[in-house]
Amino acid sequence: MPDGWRWDSTLFQGSAAYYERGRLPYAPGFAGTLATALGLDGRGRLLDVGCGPGIVTLALARFFAEAVGVDPDEDMLAEAERQAKRRGVTNARWVAARAEDLPAGLGEFQAVMFAQSFHWTDRDRVAATVLEMLEPGGAFVHMSDLKHPPVEPGPPPLPAPPYAQIGDLVRRYVGPVRRAGRGTLVNGTPNREDLVLARAGFENFERQVVPAGEVVSRTADDIVAWAFSRSGSAPHLFGDRLEDFEGDLRAVLRHASPEGLFAERLPATEIMTWRKPPGER
């Protein structure tokens, strides 16, 4: 887990309602790219750990006989259930649990997904458990926005969201060190998943980058939702100053764009997979 940090149930408290609107989507085509890379054929089972409101689970469900989303936040799971009904996805189910609660009697899977969630877990312990939950040759999948993308040609047609100023504002309200639930992330979150998974016994690493780069328009409401969708600025962190924070946030946005419109490029999506050895039970 992050150095000096202990998980608690308030990590994303109050964020579920803002998540899908506030977060930029993964690159179009990420689901098809992963299906091709893993040879998915509509059979087998998917486990999405830290599934949040089910964005990735629901996009991938059609490639599996069953998709199981696991998350400790009940509000996230309720939103995932609503989205599944809205989209007519009938082969997904939702389980309230932490990654550290696995295997939780969930059975065997063809693929286990961590979409920007693995860094919140006890990674060595969870990786070892996932290895046991995968069928021989099954895949551990780690997905995130591409870090350090190449510089895009030309500026967007509208102002970019003033993320640096928003960060300064959040620190004024909740303190100089990034908050995460009731704790803080003094040294940020960990990386080097490759070392963790090698220790656990995974092999045959592959990496896919799904391109994006399309320019999308964002409103001030979208950027407010982005702020409240994040663990470091989840609504509960502001207590009785929540309305004050939102008022100041909207003032920052009006200063950056009096029309209340912004533009961003969709980030590419990085998909990394490791395999359970095919002869291992």
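**Entry 1: helix 5 and helix 7**

I looked up how helix 5 and helix 7 lie to each other in this predicted model, and I recorded them as oblique. Helix 5 covers residues 123–133 and helix 7 covers residues 193–200. I noted an angle of about 50 degrees between them, with their axes 9 Å apart. Angles from 65 to 115 degrees count as roughly perpendicular and those under 35 as roughly parallel; the two helices are therefore oblique. The crossing is right-handed.

Next I listed the residues that make this contact. Helix 5 contributes Arg123, Asp124, Ala127, Ala128 and Leu131. Helix 7 contributes Glu193, Val196, Leu197, Arg199 and Ala200. Sorted by class, the contact has six nonpolar and four charged residues, and no polar ones.

Which residue forms a salt bridge with Asp124? I found Arg199, with the closest N and O atoms 2.9 Å apart. The pair links distant parts of the chain, since Asp124 belongs to helix 5 and Arg199 to helix 7, 75 residues apart. Asp124 is partly exposed, at a relative accessible area of 39%, whereas Arg199 is exposed, at 54%.

**Entry 2: other salt bridges**

I noted 15 salt bridges in the structure. One of them pairs Asp41 with Arg43, the closest N and O atoms being 2.6 Å apart. Asp41 is partly exposed, with a relative accessible area of 44%, and Arg43 is exposed, with 59%.

I also recorded a salt bridge between Asp194 and Arg192, at 2.8 Å between the closest N and O atoms. Asp194 is partly exposed, at 32% relative accessible area, and Arg192 is partly exposed, at 44%.

Methods: Residues are numbered from 1 along each chain as its sequence is written. This is a predicted model: local features need pLDDT of at least 70, side-chain atom pairs count only at pLDDT 80 or more; totals for chains, interfaces and linings use all residues. Side-chain values use heavy atoms; hydrogens and water are left out. Axes are lines fitted to C-alpha atoms, for helices over the stretch in contact, and angles run from 0 to 180 degrees between N-to-C directions. Helices (H or I, at least four residues) and strands (E, at least two) are DSSP runs, numbered from the N terminus. Angles under 35 degrees count as roughly parallel, over 145 as roughly antiparallel, 65 to 115 as roughly perpendicular and the rest as oblique. A crossing is left-handed if the near helix is turned anticlockwise from the far one by less than a right angle, and right-handed if clockwise. Contact means heavy atoms within 4.5 Å. Ala, Val, Leu, Ile, Met, Phe, Trp, Tyr, Cys and Pro count as nonpolar, Asp, Glu, Lys and Arg as charged, and the others, Gly among them, as polar. A salt bridge is a side-chain nitrogen of Lys or Arg within 4 Å of a carboxyl oxygen of Asp or Glu. Buried means under 20% relative accessible area, exposed over 50%, partly exposed in between (1.4 Å probe, protein chains only).
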